[in-house]
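Thanks for coming, everyone. I'll walk you through one structure today. Please have a look at it first.

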Amino acid sequence: MKILEREIIKWGRFLFERKLISGWGGNISSRVSGGRFLITGQHAPLGFLTPRDLVEINREGRVIKKKQQPSSETPLHLAVYKGTEARTIIHVHPPAVLAFSLGHRSFVPVSFEEKYTIGEVPILAQETPTVTETEKVVEELRLHPVIILQGHGTVAVGKDLKEAFLLTDLLEEAVHCQFLKNDSSS
């Protein structure tokens with residue numbers, strides 16, 4: 001468990017350093033053995049996580065040991081784990097992706113590498129501060145390794161935290177390139 005804690009802390013810091021999150025935004029989780037999960041706690045700043053910010057929960061979302069609150073997005077994480085083969089989930093609020101999502105229904109990258117790696121990325125309607133309707137998210141994550149929640153952020157799944165981080169980072173860069181392309185054609 002200590003190794004996984006260090007990994008979540010490390011990738012949270014990388015998300016912050018790459019400006020994929022700010023303040024207290026976003027959450028990270030990973031599968032643990034025995035149908036349990038490790039998830040960031042409510043209001044845990046990903047860029048400055050400590051082991052005390054991580055909460056072990058069971059498949060119903062109940063806390064195993066600590067007297068902390070898991071992320072408010074815990075139902076989303078649990079639904080994704082139940083409906084996919086994901087080992088890890090990163091949900092953050094990248095600024096370029098957020099801005100792009102407000103006026104589009106999907107995103108198609110401009111570069112070959114991005115098209116090959118992430119393909120067309122669906123943008124799902126999001127009307128509430130936390131994801132309350134998880135079915136569509138799960139359905140899309142069965143087909144795509146990363147999705148966009150309109151005006152809310154991204155959800156990336158992976159076999160490990162590195163993969164979910166790289167998908168998130170690549171998507172933000174791809175959207176940034178789209179904005180540059182649009183600026184140069186004006």
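Let's start with how the elements are named. Helices (H or I, at least four residues) and strands (E, at least two) are DSSP runs, numbered from the N terminus. Lys19 sits in the loop between α1 (2-17) and β1 (27-32). This is a predicted model: local features need pLDDT of at least 70, side-chain atom pairs count only at pLDDT 80 or more, and totals for chains, interfaces and linings use all residues. Residues are numbered from 1 along each chain as its sequence is written, and side-chain values use heavy atoms, with hydrogens and water left out.

Stay with Lys19 for a moment. Its phi is near 60 degrees, a positive value in a residue other than glycine. Why mention that? Because most residues other than glycine have a negative phi. His43 also has a positive phi, near 60 degrees. His43 lies in the loop between β2 (36-40) and β3 (54-58).

Are these two buried or exposed? Here are the cut-offs. Buried means under 20% relative accessible area, exposed means over 50%, and partly exposed is in between (1.4 Å probe, protein chains only). Lys19 has 60% relative accessibility, so it counts as exposed. His43 has 61%, so it is exposed too.

Now go inside, to strand β8 (residues 153-158). Six of its six residues are buried, so the strand is largely enclosed by the rest of the structure. Gly153, Val155 and Val157 point one way. Thr154, Ala156 and Gly158 point the other way.

Which strands pair with β8? Two strands pair if DSSP finds at least two bridges between them. Strand β4 (residues 88-92) is joined to β8 by five bridges, and the two run antiparallel. His91 stands opposite Val155 in β8. Strand β7 (residues 146-149) is joined to β8 by four bridges, again antiparallel. Here Val146 stands opposite Ala156. The hairpin of β7 and β8 has three residues between the strands. In that hairpin, Gly151 takes a positive phi near 70 degrees.

Next stop, Thr84. You'll find Thr84 in the loop between α2 (74-83) and β4. At 12% relative accessibility, Thr84 counts as buried. What does its side chain reach? We need polar contacts: pairs of N or O atoms within 3.5 Å. Within protein, one atom must be able to donate a hydrogen and the other to accept it, and residues adjacent in sequence count only if both atoms are side-chain atoms. The side chain of Thr84 reaches the backbone oxygen of Val80 at 2.7 Å. It also reaches the backbone nitrogen of Ala86 at 3.1 Å. Not counting residues up to four places away in sequence, Thr84 touches Arg31, Val138, Leu141 and Arg142.

Last topic: aromatic rings. Rings of Phe, Tyr and Trp (its six-membered ring) pair if their centres lie within 6.5 Å; planes under 30 degrees apart count as stacked, over 60 as edge-to-face and the rest as tilted. A search of the whole structure finds seven aromatic pairs. One of them is Phe100 with Phe107, edge-to-face, 5.2 Å centre to centre, with 85 degrees between the planes. Phe100 is buried at 5%, and Phe107 is buried at 0%. Phe100 also pairs edge-to-face with Phe179, at 6.2 Å and 65 degrees. That pair links distant parts of the chain: Phe100 in helix α3 (residues 95-101) and Phe179 in helix α6 (residues 161-184), 79 residues apart. Phe179 is partly exposed, at 29%. Finally, Trp11, Phe14 and Phe165 form one aromatic cluster.

How values were computed:
Contact = heavy atoms within 4.5 Å.
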